[in-house]
2 protein chains.
Amino acid sequence: MTRTLRIVGLEGLPEIQPGDDLGHLLSSTLRTEGARTGDVVAVTQKVVSKAEGRLVSGRDLADVVADETVRVVARRGDLVIAETVHGLVCANAGVDASNVNEGTFSLLPVDPDGSAERLRASFSERLGLDLGVIITDTFGRPWRNGVVNVSIGCAGLPAAVDLRGRTDHHDRALAATIVALADEIAAASGLVMAKDARIPAALVRGVDRLGAPDGRAADLIRPAEEDLFRFGER
Amino acid sequence: MTRTLRIVGLEGLPEIQPGDDLGHLLSSTLRTEGARTGDVVAVTQKVVSKAEGRLVSGRDLADVVADETVRVVARRGDLVIAETVHGLVCANAGVDASNVNEGTFSLLPVDPDGSAERLRASFSERLGLDLGVIITDTFGRPWRNGVVNVSIGCAGLPAAVDLRGRTDHHDRALAATIVALADEIAAASGLVMAKDARIPAALVRGVDRLGAPDGRAADLIRPAEEDLFRFGER
């Protein structure tokens with residue numbers, strides 16, 4: 001059986017405002033697109049944060065970033081690579097000025113795994129479908145230019161799949177022992193999400209869950225004590 | 001117009017041996033799958049390295065890794081995070097024991113961008129199609145558990161897309177100024193490539209090249225002097 005993946009950008013969402021019912025708004029689009037049980041819905045952090053009212057105005061960026069930071073991992077000039085309360089390590093602790101009004105910054109959701117779980121419950125209730133949900137954000141990486149989408153929230157699918165104990169077709173242990181499945185899906189969804197935010201979500205069909213149980217995006221955060229690059233005092 | 005991406009795992013390749021004509025072997029599969037001009041073919045490093053004879057036998061892993069290393073970025077126990085001659089930073093300098101014979105290690109291609117370009121030329125000649133090609137490898141990341149596919153070779157499409165100067169729909173500068181397009185495609189292809197190497201390639205249709213010129217995977221390597229995490233002497 002040939003494995004085929006299909007990823008559709010979800011268009012037509014209105015500009016999201018604090019208090020909007022994102023599950024309701026996305027459900028309409030998902031119904032139009034013919035979503036099916038087993039599909040995964042990828043949603044950008046930005047619309048989740050807006051709907052949850054995670055916006056601040058009238059403050060300096062540096063102060064907002066400081067409030068969202070639990071550890072400064074690296075700093076150069078105005079750029080701060082910071083660990084957030086979630087354990088995520090990213091530029092400006094996830095504080096972002098794009099695709100929001102002038103003078104406003106968006107913050108990461110308080111509990112992105114919880115946000116994903118609530119969307120999943122909303123889709124289940126409204127559509128009668130068992131859908132996976134990931135919340136994506138756009139992160140830079142050490143050593144490599146450019147950004148890719150990663151999964152900061154996850155519900156209804158495995159986020160990290162542990163293949164230890166499985167073998168390749170030479171019966172040798174697989175080198176890639178843990179696959180960051182939710183990050184692969186997030187990066188893939190970045191290919192259909194418009195960079196100007198007109199397409200803030202995607203429907204992904206055909207993901208092989210690799211027989212793993214559902215997990216959370218928190219499973220993708222390497223514990224600080226195992227991390228060779230988590231510098232700075234917490 | 002709804003943006004849709006379709007990714008198909010390419011099955012049925014024989015076990016690749018040194019000297020095999022990978023372009024020829026993949027062309028047959030691509031013809032069967034109905035490849036079209038504009039599609040992108042993602043191929044794992046492992047089969048490229050095998051076809052190019054980048055295998056070593058009868059030596060200790062540590063010695064082989066040392067030979068492939070130009071800079072040790074971090075080390076813990078047996079794990080070496082090393083910079084390769086290409087500027088890639090990855091575990092064991094890309095030396096890998098999975099999906100090769102016992103006692104054998106695979107090395108990264110000498111020039112992965114050149115490997116991609118040769119495959120692209122082969123597809124053009126054999127199929128009469130203008131296809132993008134990326135060579136993928138599976139890398140770990142600081143701060144996050146698990147591996148994702150990245151692009152270590154690229155031809156016929158932009159690898160990094162610079163969006164500086166473009167604006168969001170609030171007319172504010174886009175925060176994600178450089179998009180690692182080839183890495184997004186690589187990660188997406190990881191969703192259909194079997195982890196036991198029976199599916200070492202994928203056909204990706206529907207990539208938006210974002211109006212950028214073709215590039216090389218070398219464009220995705222951050223210059224050491226701009227990198228906050230490139231430790232160690234070269």
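Me: How many salt bridges does the rule find across the interface of chain B and chain A?
Reply: In this predicted model, the rule finds four of them between chain B and chain A.

Me: What makes Asp183(A) and Arg141(B) a salt bridge?
Reply: Their side chains meet with 2.7 Å from N to O. The cut-off is 4 Å between a side-chain nitrogen of Lys or Arg and a carboxyl oxygen of Asp or Glu, so the pair qualifies.

Me: Which element of chain B gives the most to the side that touches chain A?
Reply: That is β9(B), with eight residues. Elements supplying at least two residues each include β1 (4–10), β8 (132–141) and α5 (181–189) of chain B.

Me: How do the residues on that side of chain B divide?
Reply: Into 40 nonpolar, 17 polar and 24 charged.

Me: Why are β1 of chain A and β1(B) said to pair?
Reply: Pairing asks for at least two bridges found by DSSP, and these strands have five, so they pair. The sense is antiparallel, and Leu5(A) stands opposite Ile7(B).

Me: What area do chain B and chain A bury between them?
Reply: About 6,900 Å², 57% of it on carbon and sulfur atoms. Accessible area lost when parts come together is often used to give the size of an interface.

Me: How many residues does each chain bring to the contact?
Reply: Chain B brings 81 residues and chain A brings 81 residues.

Technical notes. Residues numbered from 1 in each chain as written. Chains lettered and ligands numbered in written order. Predicted model: local features only at pLDDT ≥ 70, side-chain atom pairs only at ≥ 80, totals over all residues. Heavy atoms only, no water. Contact = heavy atoms within 4.5 Å. Buried area = accessible area lost by both parts, 1.4 Å probe. Helix = DSSP H or I, 4+ residues; strand = E, 2+ residues; numbered from the N terminus. Nonpolar A, V, L, I, M, F, W, Y, C, P; charged D, E, K, R; others polar.
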